[in-house]
Each structure stands twice: as C-alpha cells, then as structure tokens.
Amino acid sequence: MMNRHSLKELELVLIDDCETKQDILDKIYEKQIDVLLIDYKMVKNYGFNGTTLINYINDSMRDIQCFIMTAVDTEQITDGLVAERDKYSKSIFDTEGADQKKEAELSAFIQILLESAKVFQVRRQQKLGRYRELLEKKHRGALGADEEEFLELYKVLSSYGMVEKLPKNMLCSEFEDQLRRILELGSAIITEHKTE
C-alpha cells in the first residue's frame, strides 16, 4: 500500500502563463519551487522541449533538481541533456486498480522528490553563508570578480525569502561607492558645521 503520508508533504504548483524559458525561470523564483517535474513534449506550445528547458534552468539554478516526465519511452530522449535517472514515464502516476507494484513505484518516486527538495533547501542554506561573505566584501569595496556570483546568490536567496529584497541599483558596486562618497561628504559637512 502506498504511503499516503508522503503525498501530504508535497505541494504541487502548476507553472503556467509563460511564453519563454525566462518566464518559466521567473515563475520558479516567484513560486519558490524546490523541485521540478517538466514535460518532455513542450515544442508545440513553447518551441523547445523539456530537456532544453532543464538545461536553461540549471544554467541559472544549478542546484534545483529537475525531472523529465514523458509519455514516450524514456530511451527515445537521446539529446544527452538529462541523466537517465532523471527521466520518468508519466505512467508512474497511474495507480488506480490497487496495483501494489505501481503504488510502490509512485511511493519511491515521491520519496525521491522529497529528498531532492530537501537537498535543494540545504544547499540554499549553505549558499547563505557564502552570500554573507560576499556581502561583507561588497561593503568593504573588495567584491571585484565575485560580483557576478554575489548577484546570482542574491537572486536565488532573495526570491526564496532568505535575504532582504533590495532595489536593483543597490546591488551593484557602483552604488556602494556612491553611497560611501555621500556619507563621507555628509560627515565632512557635519564636521565643518560643528566647528562654527
């Protein structure tokens, strides 16, 4: 018998109203998704297939686990963009008829989804430490070549509510320099007026 408790731990979120890969990525951030099930056959609606989408998503969110769901034989997916272990037949959800083998397969898949989501959550938490290191470097004006990593970490962590959302202009190093100059100017003005 399938473990019904596992199903209660999942919240399924449908990503729709998207036209491009970037729209889908933005929805992942907006909905704070921890693991993805992606249909392989998306070409008719989007112009690209599910494995191409996974490749795009993983370029921005390396740690999120994506699974391809397909109605065709998984061996027909030969583009090499998704590991065999991450390809599943949609029939895994067909558990009507009290087929114990099918129920066990679905239960095992749910456990894989839960574990994948947990790993993504732990990795995000770990990235929070790196983000704080880079933020400190940014405040010291020493971010340099790490700025791209800082911005990438900020995007993921702020989307998942792990760091405070800031206006975009406050994220670049130029803003930090301008703010430092304004504060120095303000301090000089205060000092000048104290002596009068």
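Student: Is the crossing of α5 and α6 left-handed or right-handed?

Tutor: The model is a predicted one, and the handedness is computed from its helix axes. A crossing counts as left-handed if the near helix is turned anticlockwise from the far one by less than a right angle, and as right-handed if clockwise. For α5 and α6 the crossing is left-handed.

Student: At what angle do α5 and α6 pack, and what word describes how they lie to each other?

Tutor: Two packed helices are described by the angle between their axes and the distance between the axes. Here α5 and helix α6, which covers residues 147–159, have axes 9 Å apart and pack at an angle of about 130°. Angles over 145 degrees would count as roughly antiparallel and 65 to 115 as roughly perpendicular, and α5 and α6 are therefore oblique.

Student: How many nonpolar, polar and charged residues make the contact of α5 with α6?

Tutor: On the α5 side the contact is made by R124, K127, L128, R130, Y131, L134, L135 and K138, and these meet E149, F150, L153, Y154, V156 and L157 in α6. Tyr counts as nonpolar in this division, and the residues of the contact divide into five charged, no polar and nine nonpolar.

Student: Which residues of α4 does α2 meet, and how do the two helices cross?

Tutor: The axes of α2 and α4 come within 10 Å and cross at roughly 55°. That angle makes α2 oblique to α4, and the crossing is right-handed. From α2, the residues K21, Q22, I24, L25, I28 and Y29 take part, and the residues they meet in α4 are T52, L53, Y56, I57 and S60.

Student: Which residues of α6 are in contact with α2?

Tutor: α2 and α6 have axes 8 Å apart and pack at an angle of about 55°, which makes α2 oblique to α6. On the α2 side the contact is made by Q22, D26 and Y29, and on the α6 side by K155, V156 and S159.

Student: Which element gives the most to the lining of the largest pocket?

Tutor: The largest pocket holds about 980 Å³ of space, and of the 32 residues that line it, L12, V13, V35, L36 and L37 are the closest to its centre. At least two lining residues come from each of α2 (21–31), β1 (35–39), α3 (43–46), α4 (50–60) and α5 (100–139). By class, the lining has 22 nonpolar, three polar and seven charged residues. The element that gives the most, with seven residues, is α5.

Note on methods. Residues numbered from 1 in each chain as written. Predicted model: local features only at pLDDT ≥ 70, side-chain atom pairs only at ≥ 80, totals over all residues. Heavy atoms only, no water. 1 Å grid on protein atoms, 1.4 Å probe; cavity = no way out; pocket = protein on both sides within 12 Å on 5 of 7 lines; lining within 4 Å. Points joined across faces, edges and corners; volume = space filled by probe spheres on them. Helix = DSSP H or I, 4+ residues; strand = E, 2+ residues; numbered from the N terminus. Axes fitted to C-alpha atoms, helices over the stretch in contact; angles between N-to-C directions. Parallel < 35°, antiparallel > 145°, perpendicular 65-115°, else oblique. Contact = heavy atoms within 4.5 Å.
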